[in-house]
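Please view the sequence and the model together while reading.

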Amino acid sequence: MVSRLLACAVAAMLLFAPVRAARAHEELPAESPCHVLLEGTDEVVLVTGLVVHPGDEYLNARNQLYRVVRVDGSTAYAVFVEDVELTSPRASRRSPRLAGLLELAARRRPVVVGIYHTHSDESYVPTEGTASRRGGGGILEVGDTLARALEERGVRAIHDRTLHEPHDAAAYRRSRRTAVGLVRRGATVLLDVHRDTTPPEAYRTEVAGTAVTQVMLVVGRQNPARDAVVSWAREIKQTADRFHPGLIRGIFVGRGSYNQDLGSRTLLLEIGAHRNHRDEAEEGAALFADVLPAVLGAGGPEGTGALRALLVFLLLAAAAVALYLYVATGSWPAAADRARQFWRTEFRDLLRPLALRPRGRDGRGAGDRSGPG
Amino acid sequence: MPTGTVVLLVAAILVYFGVLHRVLDRMRLTDRAALVIIGLLLVGSFFNLLLVRRPVHLLVNVGGALVPIGVTLWLLATADTAAEKRRGTVAALVSGAGIYVLGRYVLSGRAAEPETMLLEPTYLFGAVAGVIGYLAGRSRRAAFVGGILGIVLADVAHFVELVLSGIRGRAWLGGAGAFDATVFAGILAVGLAEVVGETRERLGGGPAPGDRAPGQTRLGALQELEHDGGEREHG
């Protein structure tokens, strides 16, 4: 009886927790963006259609880092963390564009940018008349522009126009297959191109006298390579700030993974919002393509991000195994006993040849005795 | 790619395939058979078959879908009893329906965005498929069958939906190869069955002291129970 109750409780937890989450968010109007305010003031730090959670971070256009501490309905509150100085040792020595292109040319394997759209229905209302178009929205045209602009700048780009509709919870499960398909076709960089759901002024700007929409870089924090992706995103922003100041709206690090566990050079791009003109979004995409070659050729973000992630990953794996053994055996000594037994059983065959071959003075092992003589 | 990231990826892949090997071990496969299946999963990940061309493309990845489906069908075919076969089939059907309804209707609107979910979509659907598979089948094998076939059936339902709605999309079974939600679902299902099964045994008190042979440790008795009765319970 108890065991059945336990099984039901586990099932209920996994099944109904997402349901509760769904109901909680259904209370919000579908197009109601989240306003992130600086705590204690009315200063708006960010407006976005992304769902914001405590712990999310946002680096704004002026490189000020904020962390969300509280969410109340469609309003979130953040605290200022620090002014971030974006530096790139490579770029400081020479022009980032030159550095990127030189290193790009020096690579044996060409850099290939894979572009896809998890939410392939997303559209721009002023251009398409709807925010979501079945069978492929205007976001596909923005992807085309980005790919074309990259090709014009000497970077090979593959634009996968696969539809992942309907726009439901399984869209990312489906788009993961497209992303992996792009990697198989040689893509070393993956860009999942979206548009946001905010008032148009949140993204509208002018760069060198041209009306464009800004680009927001989104990084998933439920991702082992998160720090490496953040480093790369910051490198892109730093380069963009030099080429086209104001083009990058900011870097949002939020819950989710967005298929970014597939590599450290994977990003989700929000290019404009649903009430921006698509032409302006395409301009923004073309300017973004202008920036990308400079960071694609670089050796990439090394730092300590990936190594720290490796350590965390291994520690979590060890903790999970230890917990399982404790549950399975009922005590830590018994768990250790079982771990030792597992080691002996699994590696017995592997270690046996070494154990059975004590090396003699002539350098021959015991196993060599069957030889002549 | 940066060295640190490469090391991280290699470690993750090693742990992933290590766990997969243990899962196949639990399916009463020999070490060699488990290694062959993992090899097929890996190599098969690079091959896609186009099953249906019009009106909607239906592609099947060999490593991500065909090999896992083959293993589950083999498990069903070699199940000890008719009841076990029935439970495995029911687990797959219920799990498939549950996954489809969850993805399509329950997690709708803003809840369809990954940032609102407790787990990543890839893991969430796998975990749910595993739980449903385990509850419906009440064994490790049924959980494995339910987890894998649940995702496959939900993808088939997506294909049918595309055909009916006239969306010129692409339906893919196991398109991400060995790292597809289909394979994750099988691993998570057995993992959950393992943890739930072990917890049930703990709550049930495990083997009574009188069941132990003279000199036998409690651990030994537990392992013996797992080997004999445990296989009937979970296997």
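Predicted model: local features only at pLDDT ≥ 70, side-chain atom pairs only at ≥ 80, totals over all residues.

In chain A, pLDDT remains under 50 over residues 89–106, a stretch for which the model has 29 contacts beyond four places in sequence. Over chain A, the mean pLDDT is 79, and 73% of the residues reach 70 or more.

Chain B contains an open sheet. Its three strands follow the order 1-2-3, and their pairing is mixed. Strand 1 (48–52) and strand 3 (170–173) of chain B are the edge strands, each pairing on one side only. On average, neighbouring strands of this sheet are turned by 25 degrees against each other, direction ignored. Strand 2 (residues 57–61) and strand 3 of chain B run parallel and are joined by four bridges. In this part of the sheet, Leu173(B) of strand 3 of chain B has Val60(B) opposite. Helix 3 (residues 62–77) of chain B packs on the sheet and touches strand 1, strand 2 and strand 3 of chain B. The direction of helix 3 of chain B makes about 75 degrees with that of strand 2 of chain B.

| Helix pair | Angle | Axes apart |
|---|---|---|
| Helix 2 (residues 31–44) and helix 3 of chain B | about 150 degrees | 7 Å |
| Helix 5 (residues 121–137) and helix 6 (residues 140–165) of chain B | about 135 degrees | 7 Å |

Helix 2 and helix 3 of chain B pack at an angle of about 150 degrees. That angle makes helix 2 of chain B roughly antiparallel to helix 3 of chain B. From helix 2 of chain B, the contact is made by Ile37(B), Leu40(B), Leu41(B) and Gly44(B). Helix 3 of chain B contributes Val62(B), Gly63(B), Val67(B), Pro68(B) and Val71(B). By class, the contact of helix 2 with helix 3 of chain B has seven nonpolar residues, two polar residues and no charged residues.

For the other pair, the angle is about 135 degrees, and helix 5 and helix 6 of chain B are therefore oblique to each other. The crossing of helix 5 and helix 6 of chain B is right-handed. Helix 5 of chain B brings Phe125(B), Gly126(B), Ala129(B), Gly130(B), Gly133(B), Tyr134(B) and Gly137(B) to the contact. These residues meet Ala142(B), Ala143(B), Gly146(B), Gly147(B) and Ile151(B) in helix 6 of chain B. The residues of the contact of helix 5 with helix 6 of chain B divide into six nonpolar, six polar and no charged.

Some features of the backbone lie in loops. In chain A, Glu165(A) and Pro166(A) are joined by a cis peptide bond with omega of about 0 degrees. Pro166(A) belongs to the loop between strand 7 (156–159) and helix 6 (171–184) of chain A. In chain B, the peptide bond from Arg54(B) to Pro55(B) is cis, and its omega is near 0 degrees. Pro55(B) lies in the loop between strand 1 and strand 2 of chain B. Asn63(A) is not a glycine, yet its phi is positive, at about 65 degrees. Asn63(A) is placed in the loop between strand 3 (57–60) and strand 4 (64–72) of chain A.

Methods
Residues numbered from 1 in each chain as written. Chains lettered and ligands numbered in written order. Heavy atoms only, no water. Axes fitted to C-alpha atoms, helices over the stretch in contact; angles between N-to-C directions. Helix = DSSP H or I, 4+ residues; strand = E, 2+ residues; numbered from the N terminus. Parallel < 35°, antiparallel > 145°, perpendicular 65-115°, else oblique. Left-handed = near helix turned anticlockwise from the far one by under 90°. Contact = heavy atoms within 4.5 Å. Nonpolar A, V, L, I, M, F, W, Y, C, P; charged D, E, K, R; others polar. pLDDT = per-residue confidence, 0-100. Pairing = 2+ DSSP bridges.
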